[in-house]
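Colleague: I am new to this structure and would like to learn how to read it. Please show it first.

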Amino acid sequence: MVLRRTDALDKGVSVARRLFAAGLTLKQAHEAINKLAALGWASCAIAKAENLALLSAELAALNVELRRRRPILAYASEITAMRGRLGLSQRDYADFLGIDVRTLQNWEQGRNKQDASAISLMRVFEQVPDAVEQALTEPVT
Amino acid sequence: MWRTLDYDFGGTDTVLVKMTDGTHVVESTADVELRDRTAVLHGLHILSGGGRNTLGLWALPGLISWAKAQLDVDHRRIEGATCTSGAGPGCVPPPLAF
């Protein structure tokens with residue numbers, strides 16, 4: 001799970017107390033609120049028995065959003081759908097990702113599985129394509 | 001006179017304490033490190049039941065004295081957590097020594 005601060009962390013102690021009740025150790029809960037204050041986000045492991053909808057609502061009232069990590073391995077159809085939403089051909093998409101187009105085709109057709117870093121990059125690229133393009137290229141001088 | 005209402009420490013150096021002086025209820029959490037006769041509180045977060053800034057500077061000396069007695073130390077150093085509101089969000093406050 002990932003916690004994200006949505007505003008000032010005025011009730012950090014209450015957040016820590018709620019995370020402690022959700023199965024984190026006190027040290028983990030304290031580390032989480034320190035990261036929320038400093039970085040704006042923190043990752044943590046919530047006990048499986050916890051009612052996540054209730055926890056999410058209670059944390060939201062404390063300016064903390066509870067987010068679930070998406071599965072690392074994507075289905076082939078998800079990759080095709082992400083490319084489709086960007087309106088890119090397989091060749092253009094592969095060029096942007098810096099991979100061979102046959103690699104992309106193998107992923108989209110389920111012949112091979114992409115690694116975790118590749119799917120993370122594709123998801124980031126879908127959210128902020130301009131930033132990824134800027135990060136992966138450099139001006140020619 | 002401050003007194004403890006509730007506390008947790010879970011077997012680590014992290015504490016979560018609820019205390020009151022009869023008027024205010026204050027909760028705080030921090031990593032506590034003991035250095036000789038000094039207690040260093042890392043990442044201190046304070047929640048005052050009455051809301052932001054209700055504790056007031058006048059109540060702090062009593063609270064600090066009480067905490068020093070509880071921890072059996074002569075000095076207390078506070079290294080607060082990063083501010084997320086007020087005049088300097090994103091700033092780490094300078095350490096305070098009492």
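This is a predicted model: local features need pLDDT of at least 70, side-chain atom pairs count only at pLDDT 80 or more; totals for chains, interfaces and linings use all residues.

Colleague: In what order do the three strands of the open sheet in chain A lie?

Modeller: Strands of a sheet pair through backbone hydrogen bonds, in a parallel or an antiparallel way. Here the order is β2-β1-β3 in chain A, with antiparallel pairing. Two strands pair if DSSP finds at least two bridges between them; strands (E, at least two residues) and helices (H or I, at least four) are DSSP runs numbered from the N terminus. β2 (41–43) and β3 (64–67) of chain A are the edge strands, each pairing on one side only. From one strand to the next, the twist averages 20°.

Colleague: Over how many bridges do β1 and β2 of chain A pair?

Modeller: Strand β1 (residues 2–5) of chain A pairs with β2(A) over three bridges. V2(A) has S43(A) in β2(A) as its bridge partner.

Colleague: Which helix lies across these strands?

Modeller: That is α2 (residues 26–38) of chain A, which runs at about 150° to β2(A). Axes are lines fitted to C-alpha atoms, for helices over the stretch in contact, and angles run from 0 to 180 degrees between N-to-C directions.

Colleague: What are the domains of chain A?

Modeller: The bounds come from an automatic or database domain assignment, which gives domain 1 (2–67) and domain 2 (76–136). Their C-alpha centres lie 32 Å apart.

Colleague: How many residues does each chain bring to the contact of chain A with chain B?

Modeller: Residues are in contact if their C-beta atoms, placed from the backbone, lie within 7 Å. Chain A gives 19 residues and chain B gives 19 residues. On the chain A side, α2(A) gives the most, with seven residues.

Colleague: How are α5 and α6 of chain A placed?

Modeller: Two packed helices are described by the angle and the distance between their axes. The axes of α5 (residues 90–97) and α6 (residues 101–108) of chain A come within 8 Å and cross at roughly 110°. α5(A) and α6(A) are therefore roughly perpendicular (65 to 115 degrees).

Key. Residues are numbered from 1 along each chain as its sequence is written. Chains are lettered from A and ligands numbered from 1 in the order in which they are written. Two residues are in contact if their C-beta atoms, placed from the backbone, lie within 7 Å. Angles under 35 degrees count as roughly parallel, over 145 as roughly antiparallel, 65 to 115 as roughly perpendicular and the rest as oblique.
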